[in-house]
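Please look through the sequence and the model with this short report beside you. It goes through a few local features in turn.

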Amino acid sequence: MQGETAAIRITENEGKLDVFPQIKTPSSGRTSAKSWQYSDHMENIDGYLMKYTNLVTGWQYRFFVLNNEAGLLEYFVNEQSRPQKPRGMLPLAGAVISPSDEDSHTFTVNAISGEQYKLRATDAKERQHWVSRLQICTQHHTEAMGKSNPPPKSRSYSMASQGSGSSPMSVRRPSQNPASLFNWSQMHKGSSVYSSKRSLVPDHLMDAREMMTQAQGQHRDLIQSIEGLPAAPGLSPLDQDLLMLKATSMATMNCLNECLHILHLQQMARQRSSLGGPTIEWLEPKLPDILKNGSSSLGSFTTGEGPLEGSRLELSSPESCSFSGEQEDIDAEDELEDSFTDKEEDLGAVEEERSVILHLLSQLKLGMDLTRVVLPTFILEKRSLLEMYADFMSHPDLFVTITDGSSPEDRMVRFVEYYLTSFHEGRKGAIAKKPYNPIIGETFHCSWKVPKKPDASKEPSQGSPEPAAPQDFYQVRFVAEQVSHHPPVSGFYAECQERRMCVNTHVWTKSKFMGMSIGVSMIGEGCLHLLEHDEEYTFTLPCAYARSILTVPWVELGGKVNIGCTKSGYSAVITFQTKPFYGGKLHKVTAEVKHNPTNAVVCRVQGEWNGVLEFSYTSGETRVVDVTKLPVTRKQVRPIEKQGPTESRRLWQHVTESLRQKDIDKATEHKRILEERQRSEERHRAETETAWRTRYFDREGDGWVYHKPLSKNSALKT
């Protein structure tokens, strides 16, 4: 059996690991010579750590060695016993490295086999050093393992009877018996000697296969029970909920089949390595010169195939962290209408990347915090999270007319309308992709030009805005900054000085694994200031969910949002409703605007946040807003060459360009360099005991506030 990828090659031999001749290079510290070149941050490290054994023995000092080439974390009783066989070892491919929340010294290494090492360093700095090196090694070997085991395209199966074709998600495939269900015979090819050796190894997946056989029978019984219902006016085989139940059962069985196949491949790989079967040979990766040992320059980024596009990567060394606290000079005249017209493509069915996703899912537990989990590059959008927040302002004409409301009730309803219409463009519809995680200190600046209208009190039309004279517009300015890395907190601020209004928001994005979904809680609060009326509107944000991550991923919003104005006594409750398991509509939203002193509901809203919204007033009047037909005002952004080194588009430009070219490997390398730069700077600040200084936002209590908001400008207040 032989297969090749860019990262590894699987060969059939006598249990020998083929490697390239070692290249001896001068090294310092604990970095050893290797058969292929690593970057400076991918080094073989060793040292003493405390390892938790059990309740009786407790913590014990052990000597640990990180072997990047083999992808192993080994440990010995002490350093003197290192020439002997390791006391224990963990394969890092598919592992999860997690700093512990119990203190600043402890961390865990969770292998894909289920084995766990609970370790403790001497201090926080040493823990960060081990965790970052282990995560880099883990990511490299996990990606290589995913590439080496793509799922066969013909393993999907159907256990539904011929009459079950009415299921909306079912696919007709030849029926298979339990023995051929997983195509074990195809996986058993090899020499007779190897087969006889492997037969001596216990099969740890036998119980799983037996349970799959039982599940297969239960699934078949379910299908037969549904299809055996009489065609009566009541419950029938064509009932929508029953059809959905059949489809869900089929999708679940397919998913379990994929997972069991991955586990089988991993079991085979472990058996081969111990019995002389096919072995894995690590090839020299196509790393750029910037990542190789002995490289002292960060000025170029090249591979063996020639220079990359945009060959200059603006990476700062740990000593160049002085940009924190320094504000950039933003000249509005340099800003041009945004020419970024790329449309995000749906991920579609993730067949090619399914093995990578399954490896990732095998590491996760329900409710697990995904903040420190590295997600595959192919799911990334071509924009930073900070720019996504700016795209929530894509209807600035609705924003500036909030203050035109003739009464507190009218202004609250206008704000609710603006709030509900902002998510469609900001979220780019229901595309299930993830923006870049901003690096601490990253910023994004832009503005919008909103044409002035003869009658500003008129409600905004849904047609295209009329062209205005060069100076006949309002300017809305926006700035965002990543103010914290752990936890990841962003602050963003927008203002229209001429309309005497501004909004300040801080958001902590917290992701959790929820089985076949990923939930993102946007923890934080915003405040809209209408200085003309001396009103403040506080509001929260909904949660976002990436659904069906193994089939065709899609996004929905969920949760309850509260908006309130203390001065006027008006409040609103917006409910983003997630789709029920059976039936129900997608992207449904409802809202109520209430006058708190009288407890009277003055307006109700229902519809879809990415479709049609209907506003109903107590007077009996109704108004319909089609979000998809609202005009989108392009933001004004400075060209990349005029942006500062930490502005989003300049910072991520090489990742974005690689994604445009659909070169995922190159995008991953650029992304990895930026993330390692951030870790390096974080270590440097810890070593020098230098606190991080933000540029535009100041800490106030539990939140972050823009340092020069209009709300604190006494001249504008009067």
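## About the model

This is a predicted model, in which local features need pLDDT of at least 70, side-chain atom pairs count only at pLDDT 80 or more, and totals for chains, interfaces and linings use all residues. Residues are numbered from 1 along each chain as its sequence is written, and side-chain values use heavy atoms, with hydrogens and water left out.

## Gln-482 in strand 17

Gln-482 belongs to strand 17, which covers residues 473–484; strands (E, at least two residues) and helices (H or I, at least four residues) are DSSP runs, numbered from the N terminus. Gln-482 counts as buried because its relative accessibility is 2%, where buried means under 20% relative accessible area with a 1.4 Å probe, protein chains only.

Leaving aside residues up to four places away in sequence, Gln-482 touches several residues, among them Leu-386, Pro-438 and Val-489, a contact being heavy atoms within 4.5 Å. A polar atom of the Gln-482 side chain also lies 3.2 Å from the backbone oxygen of Ser-484.

## Helix 11

In helix 11, residues 653–660, the buried residues are His-654, Val-655, Thr-656, Ser-658 and Leu-659. Their cover includes strand 14 (380–384), strand 15 (434–436) and helix 12 (664–688). After helix 11 comes Lys-662, which has a positive phi near 60°.

Strand 30 (residues 697–700) and strand 31 (residues 703–706) run antiparallel and are joined by four bridges; two strands pair if DSSP finds at least two bridges between them. Glu-700 has Gly-703 of strand 31 as its bridge partner. The hairpin has two residues between the strands, and Gly-701 takes a positive phi near 65° there.

Note on methods:
Buried means under 20% relative accessible area, exposed over 50%, partly exposed in between (1.4 Å probe, protein chains only). A polar contact is a pair of N or O atoms within 3.5 Å; within protein, one must be able to donate a hydrogen and the other to accept it, and residues adjacent in sequence count only if both atoms are side-chain atoms.
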